[in-house]
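The structure comes first, and the stops follow.

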Amino acid sequence: MMFTKWSVSIATGLFLSMGLSAATFEGSLSDQSIKADISISQDSYFLDIGGMHDTEEGSYGYIGAHIEDTDTSEDYPVQIGLGARLLAVDADLNGSDSGIVIGLGGFYRYTLPKANRFSLYGEFYYAPQVLSFENVDDLYQAEVRGEYRTLRNAKVFVRYGLTSIDFSKFDSNHKMNKSFGLGISLDL
C-alpha cells in the first residue's frame, strides 16, 4: 500500500529529526491478528506509527501526533494524551474497501494506588465523515487493557480492541481488530 511506504518514510524522518527523549515499542497478538506500535516522545509531545493485520478482516496503518500530560504528584501517575492519527485502512472485502481518515481522540492510563505495578489503559479515536476520504464514511477505534509492569522498562498486558469502519459502498459497518490479545510494552 502506497500510504504505508510514505508513512514509514515520513515517520522515520520525523523521529530522526527530533531529539530522542524516550521510545516505546508495543506489540500484541491474538488468534488471527498482530498489532505493533512504536512511539517517540520529546517532553510532553510524542509521535507514533503503527498498524494491525488481521488474517480475516484486513489491515490498517497509522501515523499519530499527541500531546500528553502525566500527573506525578503521587507515586502512581495518571497519564492523559490527546491528538490525531492519520489512518489508512484496507479491509478484505470485495472492492471499494480501502480509504484514509483522520481520527481525533486520545488515551488515558491510571495506575492503581494499592497495586502500583498494575494499570488500566483506554484509548478512543473517531473520524467523522468530514475527516474521512476515498470510500470511508466514518471510523472509530477503541481499545481497553489491563497492564502489569513486570520490569522497570517492560509491561505485559491483556487488551480488547475494536475498529469499526463505515464504507460508503456497503450497507453495514465493517469490524476489524475485534478480539482479545496478549501483548508487551518495552521502554527503549
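Begin by selecting Tyr140, which is partly exposed, with a relative accessible area of 29% (buried means under 20% relative accessible area, exposed over 50%, and partly exposed in between, with a 1.4 Å probe and protein chains only). The model is a predicted one, in which local features need pLDDT of at least 70 and side-chain atom pairs count only at pLDDT 80 or more, while totals for chains, interfaces and linings use all residues. Residues are numbered from 1 along each chain as its sequence is written, and side-chain values use heavy atoms, with hydrogens and water left out.

Next, select Phe46 and Phe107, whose ring centres are 5.8 Å apart with the planes at 55°, so the pair is tilted (rings of Phe, Tyr and Trp, the last by its six-membered ring, pair if their centres lie within 6.5 Å; planes under 30 degrees apart count as stacked, over 60 as edge-to-face and the rest as tilted). Phe46 lies in strand E3 (residues 45-54) and Phe107 in strand E6 (residues 98-111), 61 residues apart, so that the pair links distant parts of the chain (strands, E, are DSSP runs of at least two residues, numbered from the N terminus). Both Phe46 and Phe107 are buried.

Phe124 is partly exposed, with a relative accessible area of 41%.

How values were computed. Helix = DSSP H or I, 4+ residues; strand = E, 2+ residues; numbered from the N terminus.
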